[in-house]
Amino acid sequence: MAHRFQLPFKALAALAALALSLPALALAAAPQPPVMQLGDDVKPLAYALDVTVVPDKPGITGRVDIDVDLAKPLSFFWINGSDLEIRQATLTSGRAKFVAKAIRGGKDFIGLQFGKTIPAGPARLSIAYAARFSLNETRGAFKQKERGEWYAYTQFEAVDARRAFPSFDEPRWKTPWTLTMNVRREHVAVTNNPVESEKDIEGGMKQVRFKTTPPLPTYLVAFAAGPFDVVDGGTAGINKTPLRYIVPKGRASQTRYAKETTPKLVELLEEYFGRPYPYAKLDSVAIPITIAFGAMENPGMITYQSGLLTATPERENDRFKQYYTSIGAHEIAHQWFGDLVTMKWWDDVWLNESFATWMARKVVGQYRPEWDVVSFRQRERNEAMGIDRLSSTRQIRQPVRTRDDLGNAFDRITYDKGGAILTMFEQHVGQEKFRDGVRAYLNKHAWGNASAEDFFAAIGQSDPVVAQGFASFVLQPGLPVIDFMIDCSRQSAAIVLRQSRFEPLAPAGKPAQRWTLPVCMRVEGDASGKPVCTMMREQQERIELAAGASCPAWVLPNPGGVGYYLSRLEPRAAAALPASQFNEQEATTFINDQALLASSGALPWQQLLASIKPFTADARPAVVGAAAHVVGELNPALFDTGRDQALGGWVREHFGARATQLGWLAQPGDSDAVKRLRGVVVPLVAEIASDAQLKSQARSLALAWLGGERGALGAMTRYVLQTAAYDGDAALFDAMSAALAKSDEITVRSEIFEALGHLRDPVQRQRAFELALSPQLDARESSRIFEGASEEAQNAVALLGFMQQHFDALQRRMPEESVARVPRWHTKLCSAQDRKSLLALYGNRRPAPPGFERNLAQTAETVDICLLARAASARH
């Protein structure tokens, strides 16, 4: 268990007084600091960073020497620094040394004032400083305690390197770094590059000097120190790159699967990119708790939340394996795409993350073809569309001019919409041509920076329209909807396409939007069997069918389901479209698109059930799973008589037999698709159809697991615990609390915390909410109770009520980045009064953490759309 650690009051007071009273830190008036970017007067060329890192101390001390080039003579300039104690700052130009006075410039900047004007040209800036470890957040330099030992880590993306050392903290400046770490002799020190030398120094310490890195921006520098276990992972790839796994003491044996899998991921990525892994080593470092990130692609030193990298034997199940493989592929892909070639500024962070998301699916599909990668891709597409239908959504390439802009940059639009767009255009261009474009982009910009336009040009080298298509999706917000209409009114049959933005709450008179996008369809009666495709550019286009073709009865839109758009058919054409015509991916796409229409008020739930009914008896598990999932996601507020009462019989009729056949536990020989189906259908029937046998089995299995029998459930653990929690009583709550007290495994605790949030009995739910605020628990962990409750429409009103009473207390204990996401906990609300209460609670928070206001706006709009869907269903 990671306990909260507090410095003694006297130590805190002394540190604060020192930071405020240093003579070098002037409080006099200074030029206005920049808003975000530093400008071009001073350019960094190389860094030498020497830091002392002792995890059980209050912070780090260090010295940074920065070779710079001054574009013009000057006596003052800004650098980045946040909450740093500047002890001394000098600049050497030629043989002259200039002493600087350090001036605070808001949260992010330090001004350096020199007594004389320094000539233009090369110089060296030297700064001695101290930085505090964060105990609650996981950004900048921070430390955590596990099993009685302290460990120090860093996380610098996006703008938190400035918390650990003074620097020019912008991605466009890539320079070599030479790092030296002074650590305890018994500790392991690790950073981006291999060790060059090591020697003992006084005070029981050692000095570890690392080889100079290739050019890196500040946000990709990383280091860690502590009593780690180091696991040799052998070598991988063209250059026989050494691999290691660096984990908290006692967890070496839990790296088995990562050690087995990582070499193959490296090799598959090298094959795709057509060039070796770019760095001298690849370390994988486990962090007990992470906030707002699961892993980070630091070159040569990828960090992972420990539950993604390590697993005890009973937790090394299919779910863990697929998550590690996917996230590992994502982070290793970044070593080329994001690290070797880096964006110039944060408005193009989408390019890094979209590409890595897309690439991970490709690599996982090659590594484990038996895994249901299509379902992952479909889920990402659906989640992006759910955000993209909002009027408050943002464009993929969102200008970053403020901290708040940056707080919104790492979301489903950046990762999932961007990945879906890449999938769509790869399909249009062709896999080989697309790959050749990626390789050309990397080869041209290796070790430097590039922009979205550079990528568009590389991919569109064989077809300039592709660049226009990319730009139309990246530079404007929103989700296209394509209406497919059969027109046989002329001599030749045709399909008429009309595009518009799908925006349930669009204001009247809003200007129409238009995309350049590849649109495909299959048409009844076409003997070729090939899709009919066009690059659609206009608001409406007419696609003539082959001469002499008869009037088709149906058209199947978006074959393969790779297009990032909603498809809408006329009622007659939709009724004529037989389910037998859909392949697996087309069926799941159709089901998910219908669900989005229903949740947006464009289709009553009754019609949704009618449209997916043919798929509930499908022989393909992924198709049945998609149908079951959308039923389970229907908000109870849409039903006048209550969801379970209205749907119970329908669910039992269409999924009951399958749920009984599957049962809770995996069977030998189950395919990946069957295992996934079990996790959807069995909980659905237990909950909505109120299957007494399945609920009883879930409770028994949950109690056994909580009692320590953890081998049987495997990937079904979260579904069993949550199902048991729906009808959970005091005995189940007590068993969960007892299991928490006994376990120091973060992944086990996470499962329990989340399940506690699914308790629906008012008394037990209140106990769970109060437990989340217990001073004996780390709020970074226990807040997962609220996250679990946020998934429960039945708990939505109670969660809002609890936050009205306790949000301020919770906010004081949570990291800023976690607080920014709190409004997302309320997307299951669905009444006008609750919306009013939501805005009253959160609407006037000043100052709000970066991203908070957009999250609140999107939550409020989601509630509005639920009200729209509720009205549509009531009219049916």
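Student: At what angle do helix α15 and helix α17 pack?
Tutor: First, a heads-up: this is a predicted model, where local features need pLDDT of at least 70, side-chain atom pairs count only at pLDDT 80 or more, and totals for chains, interfaces and linings use all residues. Residues are numbered from 1 along each chain as its sequence is written, and side-chain values use heavy atoms, with hydrogens and water left out. Helices here are DSSP runs of H or I with at least four residues, strands are runs of E with at least two, and both are numbered from the N terminus. With axes 9 Å apart, α15 (residues 621-632) and α17 (residues 672-687) pack at an angle of about 30°.

Student: How is α15 oriented relative to α17?
Tutor: Axes are lines fitted to C-alpha atoms, for helices over the stretch in contact, and angles run from 0 to 180 degrees between N-to-C directions. Angles under 35 degrees count as roughly parallel, over 145 as roughly antiparallel, 65 to 115 as roughly perpendicular and the rest as oblique. That makes α15, relative to α17, roughly parallel.

Student: How many nonpolar residues does the contact of α15 with α17 have?
Tutor: Contact means heavy atoms within 4.5 Å. In α15, residues including Val624 and Ala628 meet a set in α17 that includes Leu677 and Val681. Ala, Val, Leu, Ile, Met, Phe, Trp, Tyr, Cys and Pro count as nonpolar, Asp, Glu, Lys and Arg as charged, and the others, Gly among them, as polar. By class, this contact has no charged residues and three polar ones, and the nonpolar count is 10.

Student: And α6 with α8: how many charged residues are in that contact?
Tutor: The axes of α6 (residues 373-388) and α8 (residues 412-429) come within 8 Å and cross at roughly 120°, so the two helices are oblique to each other. Among the residues that meet are Arg377 and Glu380 in α6, and Asp416 and Lys417 in α8. Three residues of the contact are nonpolar and one is polar, while the charged ones number seven.

Student: Which helix gives the most to the lining of the second largest pocket?
Tutor: This pocket is lined by 28 residues, with Phe590 and Gln594 among those nearest its centre. The elements that each supply at least two lining residues include α12 (571-576), α13 (584-599) and α14 (605-612). With six residues, the top contributor is α13.

Methods: 1 Å grid on protein atoms, 1.4 Å probe; cavity = no way out; pocket = protein on both sides within 12 Å on 5 of 7 lines; lining within 4 Å.
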